[in-house]
Amino acid sequence: SKTIAEYFDQSERGIAFGILLCGPTVGLTIANKLGVYLLTAYDWQTAFRVTGFIAIAIAVLVFVFVKNIKSQPLPAGEKSSLLDGVKTVFSTRNLTAVCLAGFFFMFLSLGTATWANSYLTTIGFDKVTAGSIMTLYSIAGILSSLLTGFIVKWLKLDTKTYLIGIFI
């Protein structure tokens with residue numbers, strides 16, 4: 001979020017955040033395809049390790065290619081702590097609302113995907129078919145995350161009203 005705010009103009013941030021929000025859904029898509037294959041061909045430990053190695057590789061790429069943005073220095077004599085940051089979040093109404101919206105967006109998206117795979121197998125679908133169904137769910141999530149920023153920009157919509165409608 002900090003990188004997007006630093007490197008993208010205000011008019012382009014919606015699209016950039018849409019791309020950012022695709023991350024969890026892309027992960028679900030990969031997990032539903034790769035994970036099912038690994039579970040079927042090997043075992044859960046192998047699936048877990050491969051997923052971990054992919055995450056480590058991505059972390060290394062981010063560390064190498066994403067440059068740290070310099071923060072504005074605090075005035076002389078002032079110190080900032082994690083507790084100060086938490087107080088700022090919970091004492092700023094808009095920031096608290098954004099945090100809650102983001103939490104529930106991720107909870108809904110990832111919670112549904114986690115629950116749905118198990119549920120689909122209990123009603124008679126095999127793991128591969130359940131994974132394919134959830135891959136379609138993930139692809140819809142990717143497309144909607146990408147499109148939302150473009151829709152707001154192209155139709156010149158009020159971002160706040162649009163997002164409230166989307167969350168409802």
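Visitor: How are α3 and α6 packed, and at what angle?

Guide: Two packed helices are described by the angle between their axes and the distance between the axes. In this predicted model, the axes of α3 and α6 lie 10 Å apart, at an angle of about 10°. That makes α3 roughly parallel to α6, since angles under 35 degrees count as roughly parallel.

Visitor: Which residues make the contact between α3 and α6?

Guide: On the α3 side they are Pro24, Thr25, Leu28 and Asn32. On the α6 side they are Met106, Ser109, Leu110, Ala113 and Asn117.

Visitor: At what angle do the axes of α3 and α7 cross?

Guide: They cross at roughly 165° and come within 8 Å. The two helices, α3 and α7, are therefore roughly antiparallel to each other, because the angle is over 145 degrees.

Visitor: Is the crossing of α3 and α7 left-handed or right-handed?

Guide: The α3 and α7 crossing is left-handed.

Visitor: Does Thr29 count as buried or exposed?

Guide: Buried means under 20% relative accessible area. Thr29 has 16% relative accessibility, so Thr29 counts as buried.

Visitor: What does Ser138 touch, residues up to four places away not counted?

Guide: Ser138 has its place in helix α7. With residues up to four places away in sequence not counted, Ser138 touches Thr25, Leu28, Thr29 and Asn32. Ser138 counts as buried, because its relative accessibility is 0%.

Visitor: How do α2 and α7 pack?

Guide: The angle is about 170°, and the axes are 7 Å apart. The helices α2 and α7 are therefore roughly antiparallel to each other. From α2, the contact is made by Gly14, Ile15, Gly18 and Ile19; from α7, by Ser145, Leu146, Gly149, Phe150 and Lys153.

Visitor: Which residues of α2 are buried?

Guide: Helix α2 covers residues 13–20, and its buried residues are Ile15, Ala16 and Gly18. Seen down the axis of α2, these buried residues fall within an arc of 155°, so they line one face of the helix.

Visitor: Against which helices do the buried residues of α2 pack?

Guide: They pack against α1 (2–7), α3 (22–41) and α7 (127–155).

Visitor: Where is Leu146, and how far apart are Leu146 and Ala16 in space?

Guide: Leu146 is in helix α7. From C-alpha to C-alpha, Leu146 and Ala16 are 8.6 Å apart in space, and they are 130 residues apart in sequence. Leu146 touches Gly18, Ile19 and Cys22, not counting residues up to four places away in sequence. At 28% relative accessibility, Leu146 counts as partly exposed.

Visitor: How many aromatic pairs come out of the count?

Guide: A pair of aromatic rings is described by the distance of the centres and the angle of the planes. Here the count comes to 3 aromatic pairs. One of them is Phe103 with Phe104, an edge-to-face pair at 5.0 Å centre to centre and 75° between the planes. Phe103 is partly exposed at a relative accessible area of 49%, and Phe104 is partly exposed at 48%.

Visitor: Are the rings of Trp115 and Tyr119 stacked or edge-to-face?

Guide: Trp115 and Tyr119 form a stacked pair, 5.0 Å centre to centre with 10° between the planes. Both lie in helix α6 (residues 93–122), 4 residues apart, which is about one turn of the helix. Trp115 counts as exposed at 52% relative accessibility, whereas Tyr119 is partly exposed with a relative accessible area of 39%.

Visitor: Which residues do ring pairs link into a cluster?

Guide: The cluster consists of Phe103, Phe104 and Phe107.

Visitor: What is the phi of Lys156?

Guide: Lys156 has a positive phi of about 50° although it is not a glycine. Its place is in the loop between α7 and α8 (159–167). Lys156 is exposed, with a relative accessible area of 73%.

Technical notes
Residues are numbered from 1 along each chain as its sequence is written. This is a predicted model: local features need pLDDT of at least 70, side-chain atom pairs count only at pLDDT 80 or more; totals for chains, interfaces and linings use all residues. Side-chain values use heavy atoms; hydrogens and water are left out. Buried means under 20% relative accessible area, exposed over 50%, partly exposed in between (1.4 Å probe, protein chains only). The arc is that of the directions from the helix axis to the C-beta atoms. Contact means heavy atoms within 4.5 Å. Rings of Phe, Tyr and Trp (its six-membered ring) pair if their centres lie within 6.5 Å; planes under 30 degrees apart count as stacked, over 60 as edge-to-face and the rest as tilted. Axes are lines fitted to C-alpha atoms, for helices over the stretch in contact, and angles run from 0 to 180 degrees between N-to-C directions. Angles under 35 degrees count as roughly parallel, over 145 as roughly antiparallel, 65 to 115 as roughly perpendicular and the rest as oblique. A crossing is left-handed if the near helix is turned anticlockwise from the far one by less than a right angle, and right-handed if clockwise.
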